Amino acid sequence: MDWIKTHHRALSPLRPFFRDVDVSVPRLYRNRKGFLYVHVPFCTGNCTFCILYRERPTVPYERYVNALLRELRNCHSFKPVVVYFGGGTPTLLPAEGFGEILDEVTSRTSPGEVTVESTVSEFDEEKARALSELGVNRISFGIQTFEGRKRALLGRRSGAEEAFKKLKLAMEYFDVVSVDLLYDLPFGNTLLEDVETVIKLDIDGLSIYPLEHTPLTAKYPHPSVEENLRDFLSAVTFLYEHGYRHLSMNHFTNGRDGFLYSVTFTRPEVPLLGIGPGAGGHVMGHRIFHSPGVGRYLSNPYSVKAVLSGAFDFERFASRLFEGRLTFDTFRLEDFPSLAIAEERGWVEVRGKTALLTPLGLFWANTLAYLMCLDYVRTRLEAALGEAEVGGEAAP
Ligand SMILES: C[S@@+](CC[C@H](N)C(=O)[O-])C[C@H]1O[C@@H](n2cnc3c(N)ncnc32)[C@H](O)[C@@H]1O
Ligand code: SF4
């Protein structure tokens, strides 16, 4: 069995149920409360491992912020209760840009959590002060690893010392500081050492992702699935022993990091408005996609593709697995043979109508979700074939 590393791949068997639709985006979001994602695709570095859409900043930032504002104002009655600036490197934007977007948000509502993603080399005290004064209360750094040689191999432009310094600085200005760490790294993992460092620094939250390899990282030897599993479990055990708990299969908190935004992938029923090129969103079973490309976006920030999921009830149910718990109320446990296998392998503990992920299950959560999607597709196909046969018999 392949190890499925991302929730996008985990849910990919549901794509045949998607159909393109022509919708009015402002109407879909009208008078709804939900989450706002603002994509800032600019990067000045070039990390060898990065699979995310990003571009060199070649246009004036004011023009980009104006396009974001046009798009946000187009959905004028949508109320963002959580805001996330992701990238790329959002901290490349001048503070005034954040200010204009957050003014627009606060004219509608008071968001509880405002996160900005950053990278160590694009963060300093002036930015920290300006962002915290504007109401940003959570900052998330892509650290990946503190180990110097691996950082260089991954194309990071700062060393471990600079990372420590910037994290301590961030802790003076923001309520919550979180970091991203990677494993399945070239030449072996440093996850346990990195987690120890995070705990020593008293960082509030951490996301732990297995590396999706790029051609530049895949050329180096990297750990087997068994080694990755062992390293992940050691890190998770260490976190639990030090008072951290999981909020989702990827995210751990010491209790201070609520990471409300993580609900966007565990509860697809909560509306998410994504703005900016490459940004995705969802509302009422629809997924809304922006194609990448700042140039195109500046000339038309409203151009999106929308699909409607014909399996939304299932998506809504299965995505809760990413939080570590599935409750069988609308769906029946016996319709998912993969769960019996997962229980046998110690990935889940089934108690009545609830299946709980074990630490081993956190590692395999995307793989299990993928298998459950296949179970679901099979059931839908069997039902469709049954109906076709009944229809056939009834025909004269
Ligand atoms: C878009 S980055 C934003 C953070 C910031 N730009 C930085 O890199 O420091 C968000 C996170 O995505 C994760 N990521 C990027 N490429 C990845 C890959 N190939 N596999 C797994 N995770 C990846 C990294 O952990 C990264 O911190
Ligand atoms: S700074 Fe972040 S978004 Fe930019 S290339 Fe590096 S990992 Fe990717």
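In this predicted model, strand β5 (138-144) gives the most to the shell around ligand 1, with three residues. Strand β6 (176-183) is also a contributor, and β5 and β6 each supply at least two residues of this shell. The shell around ligand 1 holds 17 residues. Of these, I51, T119, G142, D180 and E212 come nearest to the ligand. By class, eight residues of this shell are nonpolar, six are polar and three are charged.

The surroundings of ligand 2 are made up of C43, G45, C47, C50, L52, R54, G87, G88, T89, T119 and G142. Six of these residues are polar, four are nonpolar and one is charged. T119 and G142 belong to the shell of ligand 2. T119 and G142 are also among the residues that come nearest to ligand 1.

The peptide bond that joins G87 and G88 is cis, with omega at about 10°. Most peptide bonds are trans. G88 has its place in the loop between strand β3 (79-87) and helix α4 (95-106).

The overall fold comes next. The protein chain has 15 helices and 16 strands. Its radius of gyration is 22 Å, close to the 21 Å that the globule rule gives for 396 residues, so the chain is as compact as a globular protein of that length. Along the principal axes, the C-alpha trace spans about 75 × 50 × 40 Å. Buried residues account for 42% of the 396 residues.

The protein chain is divided into two domains. Domain 1 covers 18-266, and domain 2 covers 311-388. Their centres, taken over C-alpha atoms, are separated by 29 Å. The contact between them takes 10 residues from domain 1 and 10 residues from domain 2. On the side of domain 1 that touches domain 2, helices α10 (225-241) and α11 (263-266) each supply at least two residues. Helix α10 gives the largest share of that side, five residues. Six residues of this side of domain 1 are nonpolar and four are polar, with no charged residues.

The largest nonpolar core contains 97 residues. Within this core, V38, L68, I101, A365, L368, A369 and M372 touch the most other members. Helix α15 (residues 359-394) provides the largest share of the core, 11 residues. Both domains take part, as the core draws at least three residues from each of domain 1 (18-266) and domain 2 (311-388). A369, one of the core residues named above, is in contact with H7, A10, L11, A318 and L321, leaving aside its neighbours within four places in sequence.

Y61 lies in helix α3 (residues 61-74). Y61 has 15 other C-beta atoms within 10 Å, and is therefore partly exposed. Beyond its neighbours within four places in sequence, Y61 is in contact with L93, P94 and G97. Y61 and T6 are 55 residues apart in sequence, and their C-alpha atoms are 31 Å apart in space.

Two loop residues have backbone angles worth noting. Most residues other than glycine have a negative phi. In D202, however, phi is positive, near 65°, and D202 is a residue other than glycine. D202 lies in the loop between helix α8 (191-200) and strand β7 (205-210). D202 counts as exposed because it has 12 C-beta neighbours inside 10 Å. M284 is not a glycine either, and has a positive phi of about 50°. The place of M284 is in the loop between strands β11 (280-283) and β12 (286-289). With 14 other C-beta atoms within 10 Å, M284 is partly exposed.

Terms used
Residues are numbered from 1 along each chain as its sequence is written. Chains are lettered from A and ligands numbered from 1 in the order in which they are written. This is a predicted model: local features need pLDDT of at least 70, side-chain atom pairs count only at pLDDT 80 or more; totals for chains, interfaces and linings use all residues. A residue is near a molecule or strand if its C-beta atom, placed from the backbone, lies within 6 Å of it. Ala, Val, Leu, Ile, Met, Phe, Trp, Tyr, Cys and Pro count as nonpolar, Asp, Glu, Lys and Arg as charged, and the others, Gly among them, as polar. Domain bounds come from an automatic or database domain assignment. Two residues are in contact if their C-beta atoms, placed from the backbone, lie within 7 Å. Helices (H or I, at least four residues) and strands (E, at least two) are DSSP runs, numbered from the N terminus. A nonpolar core is a set of buried Ala, Val, Leu, Ile, Met, Phe, Trp, Tyr and Cys residues joined through C-beta atoms within 7 Å. A residue is buried if 20 or more other C-beta atoms lie within 10 Å of its own, exposed if 12 or fewer, and partly exposed in between; C-beta atoms are placed from the backbone. The radius of gyration is taken over C-alpha atoms; the globule rule is 2.2 Å times the number of residues to the power 0.38.
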